[in-house]
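Dear colleague,

I am handing over the structure that follows, together with some notes on what was found in it. Please read the notes with the sequence and the structure open beside them.

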Protein chains: 2
Amino acid sequence: MKAQKYLDILREIKDVAFATVDENGKPQVRIIDVMIVENEKLYFCTARGKAFYQQLIQNENVAITGMNQAFQMIRLNGVIYRLSQQKEWIDRIFKENPSMNHVYPGESRYILEAFCIEQGEGEFFDLGKEPIVIESFILGNEDYQQKGFIINEDCIHCGKCERICPQQCIKDFVISQTHCLHCGLCYEECPVKAIVKRGG
Amino acid sequence: MKAQKYLDILREIKDVAFATVDENGKPQVRIIDVMIVENEKLYFCTARGKAFYQQLIQNENVAITGMNQAFQMIRLNGVIYRLSQQKEWIDRIFKENPSMNHVYPGESRYILEAFCIEQGEGEFFDLGKEPIVIESFILGNEDYQQKGFIINEDCIHCGKCERICPQQCIKDFVISQTHCLHCGLCYEECPVKAIVKRGG
């Protein structure tokens, strides 16, 4: 249940940014409420009249981000699906988020449809700590694409990268992946190109 | 200078969500600082090592959103360009945002590059007001694509839409665009299909 704690942070933030790709291939983003998180799944809803709804129906990929007051940021790249048993899910969402009754009183709630994310990959950034801390997590069986940089066997141990790193997160010719900002300064400055991108 | 006040809200929020489309056509989003707004332009920066930077170089379209404590939300769909005179812009950004020196001390700041948005279209949602208020704005000479719904001449004046609107924003067979949630309930329920999408 490692991912649950990151979803819990998104639920606490509640108003998070949901990005989609529209019919023209352009990015779109808006603030959406995280309605329920449980069992490493995230639930949200939107109204059938909205462009966001059309984008979800046409393209299952979403990217979510939010940051809390402690400067902890979550990023989640996930795959959505429309839930079956819509009425039950909308009723449950309204029960757990009673302020929704204010926006969609009475039966008008059923213009909303509920969606779930149970597969995805995410990152947690604690920007309030010094040095910053980065962790990654997985929902479902999604593969995790590693980011950032590593130092390979071409390293000549000159120490330049250690001196220039803005976060001072290189020690003994190893980049601390937990603290790396992914800024790329070491990658650019290494005199023998011994710093390469991970994953990719 | 109508758009300036909306950009000022984004600058006050400061940590806003920037969405892009990656090389696989998938949405990506992360929290980025709004560094400067002036003359209806918005300035931000990122490091050359980051995936965000690569996405900006490959695709000029970004979507931005943020919400403040008063539940005022801004959405901005814009086109970015990389500024010339990078050193001057990065120095100015660090002068106006001195906490950046903490993350990128000394010369390491020049791993960052500065970008500007001066064309785009946006929406302002005041979700803290009752009824909610929606306004749209334009940066530069971008065309504005209208959203939401209108009632056309096929209307039989049955009054069903007025009764079911969750925001009670239909009066005398006209939808108040300033207060409409774009939920689509009237569009779905009109017995003669006299409610149609705007823009299209």
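A question to begin with: does R109(B) count as buried or exposed? Before the answer, please keep in mind that this is a predicted model.

R109(B) lies in the loop of chain B that runs between helix 4 (100-103) and strand 7. With a relative accessibility of 16%, R109(B) counts as buried, because the term applies to residues under 20% relative accessible area. Once its neighbours within four places in sequence are left aside, the residues in contact with R109(B) are I90(B), D91(B), F94(B), N101(B) and Y104(B). K87(B) is 22 residues from R109(B) in sequence, and the C-alpha atoms of the two are 9.3 Å apart in space.

As for the two copies, chain A is superposed on chain B by a rotation of 180 degrees with 0.0 Å of shift along its axis, and the RMSD is 0.0 Å. The two copies are thus related as by a two-fold rotation axis. Of the interface residues of chain A, 100% are also interface residues in chain B, so the copies meet through the same surface.

Turning to chain A as a whole, six helices and 12 strands are found in it, and its C-alpha trace spans about 70 × 35 × 25 Å along its principal axes. Chain A has 200 residues, of which 52% are buried, while its accessible surface comes to about 9400 Å², with 48% of that belonging to carbon and sulfur atoms. If one takes the contacts in chain A between residues at least 6 apart in sequence, 61% of them join residues at least 24 apart.

In helix 2 (residues 51-58) of chain B, the buried residues are F52(B), Y53(B), Q55(B) and L56(B). Seen down the axis of helix 2 of chain B, these buried residues fall within an arc of 160 degrees, so they line one face of the helix. Their cover includes several strands of chain B, among them strand 1 (15-21), strand 2 (27-33), strand 4 (41-47) and strand 5 (61-67). In helix 1 (residues 4-13) of chain B, the buried residues are Q4(B), Y6(B), L7(B), I9(B), L10(B) and I13(B), and the helix is followed by K14(B), whose phi is positive, near 70 degrees.

Some details of the backbone remain. Most residues other than glycine have a negative phi, and most peptide bonds are trans. In chain A, however, the peptide bond from E130(A) to P131(A) is cis, with omega near 0 degrees, and P131(A) has its place in the loop between strand 7 (112-126) and strand 8 (133-139). In chain B, a cis peptide bond likewise joins E130(B) and P131(B), with omega about -5 degrees.

Q168(A) has a positive phi, near 50 degrees, and is found in the loop between helix 5 (160-164) and strand 10 (170-171) of chain A; with a relative accessible area of 60%, Q168(A) is exposed. H182(B) also has a positive phi, near 65 degrees, and its place is in the loop between strand 11 (174-175) and helix 6 (185-189) of chain B, but H182(B) is buried, with a relative accessible area of 11%.

Definitions and conventions. Residues numbered from 1 in each chain as written. Chains lettered and ligands numbered in written order. Predicted model: local features only at pLDDT ≥ 70, side-chain atom pairs only at ≥ 80, totals over all residues. Heavy atoms only, no water. Least-squares fit on C-alpha atoms with pLDDT ≥ 70 in both. Contact = heavy atoms within 4.5 Å. Helix = DSSP H or I, 4+ residues; strand = E, 2+ residues; numbered from the N terminus. Buried < 20%, exposed > 50% of the residue type's maximum accessible area, 1.4 Å probe, protein only. Areas by Shrake-Rupley, 256 points an atom, 1.4 Å probe, with all protein chains shown as cover. Arc of directions from axis to C-beta.
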